[in-house]
Amino acid sequence: MSNKLTHEEQEALVISDDPEHPANLISELCREFYKLGWVTGTGGGISIRQGENVYLAPSGVQKERIKPEHIFVLPFAQSSVPKPGSKRDFLRIPSKKGLSESQCTPLFWNAFTMREAGACIHTHSQHAVMLTLLHPRDAQSFKISHQEMIKGVRIGGVGKTLSFFNTLEIPIIDNTAVEEDLTESMAAAMEKYPDAPAILVRRHGVYVWGNTWEQAKTQSECLDYLFEIAVKMLLAKLPLVGDN
Ligand SMILES: CSCCC(=O)C(=O)COP(=O)(O)O
Ligand SMILES: [Zn+2]
C-alpha cells in the first residue's frame, strides 16, 4: 500500500462543486440504487474510472449514506489486480477511521481492464438473484430474445447496441463465500463470453459495466427489466428464446 499525495491533494481528488464529479456521482447514484433495492444492506455499489483514476465506495457501509469524503481513489495503473488486503497503490484513503475499499474492487477491475469500461455497477437485485434460482444448478448462462429492452444493451457492454432480433446471453457463475474470490471465475466467464454485457452471480446478484457511468446505469436498468420479465416468463412456463 502506498500513498504519495499530501492531505490537501487527496481531498482535492474528491471534493468538487461539479455534480458530475465521480465522487459526487457515486454518492448520488448509490442513493438511487438503494431505492431500487439494488444496494440495500450495504452490498452492491458502483465504481467509476475517469482517466487514470478509479473511484470506489467503502466496504460494508450503508451505500445510500456515502458522502464524497468517504470515497477511495486508486490509480488505474496497478502492478496486479488490487485485491483487498494485498499490495495495491492508493491516491486517496478517506481519513475516517476503519474504512476499507469495496470488496468488489477486483471485480470492478475485471471490467476496467478486460472491457476498458468506464464504470461498473454491482447490484443485489432480487430480479437477478431469482433468475439464477430459476435456472438449473448446472446452467452456464441465461438467454433471452425478442424483447424490446434488449436494444438498450451493448455487445460486450461497450460495443454496438443489440438489435431486437439478437439473442442476449449472460453467463452465470457460482457464488463464493468472499466477494473477491469471484475475481477469477468472473474473468474466465468474460473470456468465454466476450459479447456478454454482464455477469450473473448465482444466489448473489449481477455485475454490469459500460463505457461510461451513464451507459452502465442504463444497461443495468435494461438488464434488470429483462431479469424481472424473464422470472415472470419462467414462472408462467413461457420460453425465453423465440417469438412464440
Ligand atoms: C450483505 S453484503 C455482502 C457482501 C457483498 O455481496 C458485497 O457486494 C459487498 O460490497 P462492499 O462494497 O460492501 O464490500
Ligand atoms: Zn455483492
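**Helix packing and a zinc site**

Colleague: Is the crossing of α4 and α6 left-handed or right-handed?
Modeller: The model discussed here is predicted. In it, the crossing of α4 and α6 is left-handed.

Colleague: At what angle do helix α4 and helix α6 pack, and is α4 parallel or oblique to α6?
Modeller: Helix α4 spans residues 126-133 and helix α6 spans residues 213-235. Their axes are 8 Å apart, and the packing angle is about 40 degrees. Angles under 35 degrees would count as roughly parallel; with this angle, therefore, α4 is oblique to α6.

Colleague: How many residues of the contact of α4 with α6 are nonpolar?
Modeller: On the α4 side, the contact is made by H127, A128, M130 and L131. On the α6 side, D224, F227, E228, A230, V231 and L234 take part. Of these contact residues, two are charged, one is polar, and the nonpolar ones number seven.

Colleague: Which residues are the protein donors of the zinc ion (ligand 2)?
Modeller: The donor residues follow the sequence spacing H-x1-H-x79-H. Each donates through its NE2 atom, lying 2.1 Å from the zinc ion, and the residues are H122, H124 and H204.

Colleague: How many residues apart in sequence are the parts that H124 and H204 tie together?
Modeller: H124 lies in the loop between β4 (119-123) and α4, whereas H204 lies in the loop between β7 (198-201) and β8 (205-210). The pair therefore ties together parts whose separation in sequence is 80 residues.

Colleague: How far apart do the end C-alpha atoms of residues 24-231 lie?
Modeller: UniProt, in an unreviewed entry, places the domain "Class II aldolase/adducin N-terminal" at residues 24-231. That span is 28% helix and 19% strand, and its end C-alpha atoms are separated by 34 Å.

Definitions and conventions:
Residues are numbered from 1 along each chain as its sequence is written. Chains are lettered from A and ligands numbered from 1 in the order in which they are written. This is a predicted model: local features need pLDDT of at least 70, side-chain atom pairs count only at pLDDT 80 or more; totals for chains, interfaces and linings use all residues. Side-chain values use heavy atoms; hydrogens and water are left out. Axes are lines fitted to C-alpha atoms, for helices over the stretch in contact, and angles run from 0 to 180 degrees between N-to-C directions. Helices (H or I, at least four residues) and strands (E, at least two) are DSSP runs, numbered from the N terminus. Angles under 35 degrees count as roughly parallel, over 145 as roughly antiparallel, 65 to 115 as roughly perpendicular and the rest as oblique. A crossing is left-handed if the near helix is turned anticlockwise from the far one by less than a right angle, and right-handed if clockwise. Contact means heavy atoms within 4.5 Å. Ala, Val, Leu, Ile, Met, Phe, Trp, Tyr, Cys and Pro count as nonpolar, Asp, Glu, Lys and Arg as charged, and the others, Gly among them, as polar. UniProt positions are given in the numbering used here, feature names are shortened, and annotations may be inferred rather than shown by experiment. Donors are N, O and S atoms within 2.8 Å of the metal (3.2 Å for Na, K and Ca); water is not among the atoms, so sites may look incomplete.
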